[in-house]
Amino acid sequence: MKHSQFVDGLPALWKQGSILFFVLLASLLVSSIEPAFAHAVAQGDKGYIQEISGPNIIPFLYLGAKHMVTGYDHILFLFGVIFFLYRMQHIAIYVSLFAIGHSTTMLLGVYFDFGINSYIIDAIIGLSVVYKALDNLGAFKRWLGFQPNTKAATLIFGFCHGFGLSTKIIEYDISSDGLLPNLLAFNIGVELGQLTALACILILMGFWRRSSSFLKHAYHVNVVMMSAGFLLIGYQLSGYILSA
């Protein structure tokens with residue numbers, strides 16, 4: 001992929017993104033309105049799950065799909081991953097790496113009851129969005145002199161997203177009776193939700209890529225995506241500080 005048309009504006013881009021991040025962080029620190037959660041567990045879902053026990057495949061399929069489709073941070077990262085991928089085999093490789101990553105840590109995290117503070121892990125997920133936007137803009141090759149391995153980065157951030165999922169599932173406080181089949185059902189639901197979101201993204205991207213505006217606005221779209229990542233980081237770190 002060629003990113004040379006994007007890199008000249010990166011110093012100003014980084015400055016603007018940093019200002020945006022610190023302004024948001026400061027504004028949230030002086031606010032004590034409500035704790036910050038990224039797509040937290042809905043109270044209705046949580047109450048239902050806490051009342052049932054044993055294998056419940058369909059409910060957990062639904063919850064997994066719902067969590068992924070409504071997980072805007074996961075969708076943003078997925079959007080960034082496939083932004084400059086045109087061939088289906090390349091898309092399949094990267095999406096599979098992401099799926100392997102988040103499935104592994106999600107299943108192991110819940111099964112062994114190992115979670116990470118939801119604010120911290122969601123801030124890391126926001127960082128993954130920033131990373132991918134900068135990667136799409138060719139920033140790392142410009143700043144570091146080489147291109148980091150994008151496949152490895154996708155897998156590593158997939159692990160982080162998986163810990164985000166496991167942390168949310170632990171919040172359900174689900175019964176140990178039928179835990180493994182329910183976790184597998186949830187994971188399958190996540191993958192179905194991911195495929196649904198991916199299909200929608202690819203359809204829209206397909207139309208956009210046929211127009212002359214794609215390369216013209218690709219830079220700005222990734223700037224917006226990077227800014228959204230900074231917003232997520234600031235939002236979650238503010239919630240962590242206010243909850244301490």
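A residue counts as exposed when its relative accessible area is over 50%. In this predicted model, I58 has a relative accessible area of 61% and is therefore exposed. The residue lies in helix α4, which covers residues 57-70. I58 is 131 residues away from G189 in sequence, while the C-alpha atoms of the two are 9.0 Å apart in space.

Y111 belongs to helix α6. With a relative accessible area of 47%, Y111 falls into the partly exposed class, because that class takes values between the limit for buried, under 20%, and the limit for exposed, over 50%. Y111 is part of a nonpolar surface patch that also contains L108, F112, F114, L180 and L184. Together, the residues of this patch have about 640 Å² of accessible area. Two helices, α6 and α10 (179-209), each contribute at least two residues to the patch.

Two or more lining residues come from each of the elements α6 (88-111) and α9 (150-172). The volume of the second largest pocket is about 170 Å³. By residue class, its lining consists of six nonpolar, two polar and two charged residues.

Notes
Residues are numbered from 1 along each chain as its sequence is written. This is a predicted model: local features need pLDDT of at least 70, side-chain atom pairs count only at pLDDT 80 or more; totals for chains, interfaces and linings use all residues. Side-chain values use heavy atoms; hydrogens and water are left out. On a 1 Å grid over the protein atoms alone, a cavity is a set of points where a 1.4 Å probe fits but cannot get out, and a pocket is an open set with protein on both sides within 12 Å along at least five of seven lines; lining residues have an atom within 4 Å of a point. Grid points are joined across faces, edges and corners, and a volume is the space filled by probe spheres set on the points. Helices (H or I, at least four residues) and strands (E, at least two) are DSSP runs, numbered from the N terminus. Ala, Val, Leu, Ile, Met, Phe, Trp, Tyr, Cys and Pro count as nonpolar, Asp, Glu, Lys and Arg as charged, and the others, Gly among them, as polar. Patches are made of residues with over 30% relative accessible area and no salt bridge: like charges are joined within 9 Å, nonpolar side chains (Val, Leu, Ile, Met, Phe, Trp, Tyr) within 5 Å. Accessible areas come from the Shrake-Rupley method with a 1.4 Å probe; for residues, only the protein chains shown count as cover. A salt bridge is a side-chain nitrogen of Lys or Arg within 4 Å of a carboxyl oxygen of Asp or Glu. Buried means under 20% relative accessible area, exposed over 50%, partly exposed in between (1.4 Å probe, protein chains only).
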